[in-house]
Amino acid sequence: MKISEEKLVSFLEKEGLDAFYVHNPVNVRYICKYSGGDAYLLILKNKLYLLTDPRCLEHAEAECPEYDCVDWRPYGSIVKGLAEVLKRESIKKLGVEGEYVSCDMFEDIEKEYAKEASCEIVSYTNVIEDFQAVKEEEELPYIRNACEISERALERLYKDIRPGVTEKELEAKLAMYMAMEAADVKSCPYIVLSGARSAGAQTNPTMKAVEYGDPVLIDFGCKFDGYKAGITRTVIVGIATKKQKEIYQLVLDIQEKCIKAVKAGVKAKELYRLAEDMVRGTGYEPYFCQTLGHGIGLFAHQKPYINAKSEDVLEENMVITIEPGICIPGFGGIRIGDELLVKKDGCVNLVQTGKQLLEVF
């Protein structure tokens, strides 16, 4: 068994479950390493099932030879196919991903199998997500490749940033460059914002044209074999103003000090407090971002969460982002972010792209 499968089987034994149903495609990818679509898992202590449709069956059998791959189509629905497997194995206590199995699906599983078989269905949250917080050695090359691809794409994008180009055009070029550098084509949305809009961290790019004097915020990261990179850079179009330089240097100083403090055993909220202490007294306290970073892997945002209220503690081989920012409505935002591999006595920065203030023309 793979380490990921062993973790889930150990969970079954601890909880007294006969089986666990995995519905979320990202979690399916983590548990069995299957890279295709339309896949659902039923994990037993001594048997593994992958349910898929006939279009993907051959692919699933090739990538997951240790799984009993079941075509659910002849049964009419994934629930009916799942019920058939549950009957075959006489499952009496079933765990499911509560945050991904809808109420309707939960009721359908009860209707098709559980009530008749006197099977108890137990809903759980964040089971597999918690497994993913600490990365296995086999996952790290994918993460490193995602970072390297993203950096190469960013260097290409820098040459396209100039007055008159639109946010959407830059976003599209960034996606193209990452695909050309071997990223997964089906990837994640990217944030490319300019001017005062750069203060809205989760705003979608528009047809707004970049203007001279604008900060351009680039918050992005490609996927490589499902694993995500997380990089944030801010450049200034033209000559930076005194205020832009002041804010940029403050954000950079915060990021570098926090990175130096990263190591196994550090509490996430202590990192955030370190950043807060550096902002205190500068006049920018109201504009400091409410989060300093987060875990990253198959999910763009996962445990540990680095904010003032987090109870998470950094562990060796967690992969996190440190991305402080100061965002002022009507003025714009400055954010700088890297992806880090947590080690026992420090961390490894997986991003090598320069962070000194870049003025582009």
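1. Isoleucine 218 has arginine 233, in strand 11, as its bridge partner, and strand 11 (residues 231-237) pairs with strand 8 (residues 215-220) in the antiparallel sense over six bridges. Here two strands count as paired if DSSP finds at least two bridges between them, while helices (H or I, at least four residues) and strands (E, at least two) are DSSP runs numbered from the N terminus. Please bear in mind that this is a predicted model, in which local features need pLDDT of at least 70 and side-chain atom pairs count only at pLDDT 80 or more, whereas totals for chains, interfaces and linings use all residues. Residues are numbered from 1 along each chain as its sequence is written, and side-chain values use heavy atoms, with hydrogens and water left out.

2. The sheet to which these strands belong is open and has four strands in the order 7-8-11-19, with mixed pairing. Strand 7 (191-194) and strand 19 (359-360) stand at its edges, and because each has a single partner strand, one side of each is left without a neighbour in the sheet. Helix 8 (residues 167-180) packs on the sheet and touches strand 7 and strand 8, contact meaning heavy atoms within 4.5 Å. The direction of helix 8 makes about 150 degrees with that of strand 7, where axes are lines fitted to C-alpha atoms, for helices over the stretch in contact, and angles run from 0 to 180 degrees between N-to-C directions.

3. Glutamine 255, in helix 9 (residues 242-261), counts as buried because its relative accessibility is 0%; buried means under 20% relative accessible area, exposed over 50%, and partly exposed in between (1.4 Å probe, protein chains only). Leaving aside residues up to four places away in sequence, glutamine 255 touches Ile322, Pro324, Ile336, Gly337, Asp338 and Lys355. A polar atom of the side chain of glutamine 255 lies 3.2 Å from the backbone oxygen of isoleucine 322.

4. Some backbone values deserve a careful look, since most residues other than glycine have a negative phi, and most peptide bonds are trans. Aspartate 225, which is not a glycine, has a positive phi of about 50 degrees; this aspartate 225 sits in the loop between strand 9 (223-224) and strand 10 (227-228) and is partly exposed, with a relative accessible area of 38%. Asparagine 317 also has a positive phi, near 75 degrees, but it lies in the loop between strand 13 and strand 14 (319-322) and counts as buried at 11% relative accessibility.

5. The peptide bond from lysine 303 to proline 304 is cis, with omega near 5 degrees, and proline 304 lies in strand 13 (residues 302-307).

Methods
Polar contact = N/O pair within 3.5 Å; in protein donor to acceptor, adjacent residues only side chain to side chain.
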